[in-house]
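Subject: Structure handover

Hello,

Please find the structure below, handed over for your files. My notes on what was found in it follow.

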Amino acid sequence: KMRGFRSMFAKQATALFIGGAALAGGSVAWAEGYKDAHSVAGEWRLPRPHYELLVPKIGTIIKNYFFPPTLKLPEWEEEIASRPGLKLQAQVSRFAQSSTDGALLVCMPRIYIPETPYSEEQEEEDKKNQKGYESRDVYCTWHFGKDAVGHPEIVHGGAIATAIDESCGHAFMALGRGLGFTAYLHVNYKKPTPAGIPLLITVKLKSIEGRKVTLDAVVSDGKQTEFADGSALFVVPRKKE
């Protein structure tokens, strides 16, 4: 118990120290910029100082550290989570983990994948029965925050592409075919994607040709509105002889 208390105290002290250092550093940066705020003509020419960018972000991180938000699953996600044959993926990429600061990502992406890998024997059986790949659908919830924008309140196109890429990667890994890499990624942007709402990325397996796996993805609000779609090609590396 004592070790647990010390560990918690150390984390809180570290967070407060980092927050204080950020505030101090941001204040200095702001003050330096303020001295040159006016041009000879008396017009403001000061860009947004580090203070305005850094302090709110640090404040959000500290707030989420001590008071993590309670997030309620949207109705459409509750339905997905209750479907038989699906499970919640235990791990996401280091990139997604590091981006979950409350500002870029409000919460960690939630990835729902098939419970079992897709063996070559099962693939052959599905082909014979003309079942297709419906059983390999993957569902991913992404919740971008206020800092993941290009235009105000609109999710950056690069963030959407990243989310599609990672979601397709989870669908590929769920096959159980080993390690794979993105060889091709194409994204169609249909309409501006609002920040601050949960998004559903549905990934469907399109084809498997040897080492090549093609997947299709759709980004929506979980209902009827589609914001983007895309396709990706993942390739299994050749085995070293």
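The protein chain has 6 helices and 7 strands, where helices (H or I, at least four residues) and strands (E, at least two) are DSSP runs numbered from the N terminus. Read from the N terminus, the order of elements is α-α-α-β-α-β-α-β-α-β-β-β-β. Of the 241 residues in the protein chain, 35% are buried; buried means under 20% relative accessible area, exposed means over 50%, and partly exposed is in between, with a 1.4 Å probe and protein chains only.

This is a predicted model, in which local features need pLDDT of at least 70 and side-chain atom pairs count only at pLDDT 80 or more, while totals for chains, interfaces and linings use all residues. Residues are numbered from 1 along each chain as its sequence is written, and side-chain values use heavy atoms, with hydrogens and water left out.

Strand pairing

Two strands are taken to pair if DSSP finds at least two bridges between them. Strand E5 (198-209) pairs with strand E3 (138-143) in the antiparallel sense, over 6 bridges. E5 and E6 form a hairpin with 2 residues between them, and Gly-210 in the turn has a positive phi of about 65°.

A residue with positive phi

Most residues other than glycine have a negative phi. Glu-153 is not a glycine, yet its phi is positive, at about 65°. Glu-153 sits in the loop between E3 and H6 and is exposed, at 64% relative accessibility.

Salt bridges

A salt bridge is counted where a side-chain nitrogen of Lys or Arg lies within 4 Å of a carboxyl oxygen of Asp or Glu. The count by this rule is 8 salt bridges. Three of them are described here.

- Glu-123 and Arg-177 meet through their side chains at 3.1 Å, N to O. Glu-123 belongs to helix H5 (residues 120-128) and Arg-177 to the loop between H6 and E4, so this pair ties together parts that are 54 residues apart in sequence. Glu-123 is buried, with 6% relative accessibility. Glu-123, Arg-177 and Lys-127 are linked in a network of salt bridges.
- Lys-190 and Asp-229 form a salt bridge at 3.2 Å, N to O. This pair links distant parts of the chain, with Lys-190 in the loop between E4 and E5, and Asp-229 in strand E7 (residues 226-235), 39 residues apart. Lys-190 is partly exposed at 45% relative accessibility, whereas Asp-229 is buried at 17%.
- Lys-72 and Glu-78 form a salt bridge at 3.5 Å, N to O. Lys-72 is exposed, at 67% relative accessibility, and Glu-78 is partly exposed, at 37%.

Cysteines

How many disulfides does the structure hold? The count is 0 disulfides, a disulfide being a pair of cysteine sulfur atoms within 2.5 Å. For Cys-168, the closest cysteine sulfur is in Cys-140, 8.1 Å away and therefore too far for a bond. Cys-168 is buried, with a relative accessible area of 0%. Cys-107 also counts as buried, at 11% relative accessibility.

The second largest pocket

The second largest pocket has a volume of about 220 Å³. Its lining has 14 residues, and the closest to the pocket centre are Asp-165, Glu-166, Gly-169, Gly-180 and Phe-234. Helix H6 (157-173) and strand E4 (181-189) are the elements that give two or more residues to the lining. H6 gives the most, with 7 residues.

The lining residues divide into 6 nonpolar, 6 polar and 2 charged. In this grouping Ala, Val, Leu, Ile, Met, Phe, Trp, Tyr, Cys and Pro are nonpolar, Asp, Glu, Lys and Arg are charged, and the others, Gly among them, are polar.

On the terms: on a 1 Å grid over the protein atoms alone, a pocket is an open set of points with protein on both sides within 12 Å along at least five of seven lines, and lining residues have an atom within 4 Å of a point. Grid points are joined across faces, edges and corners, and the volume is the space filled by probe spheres set on the points, with a 1.4 Å probe.

Regards
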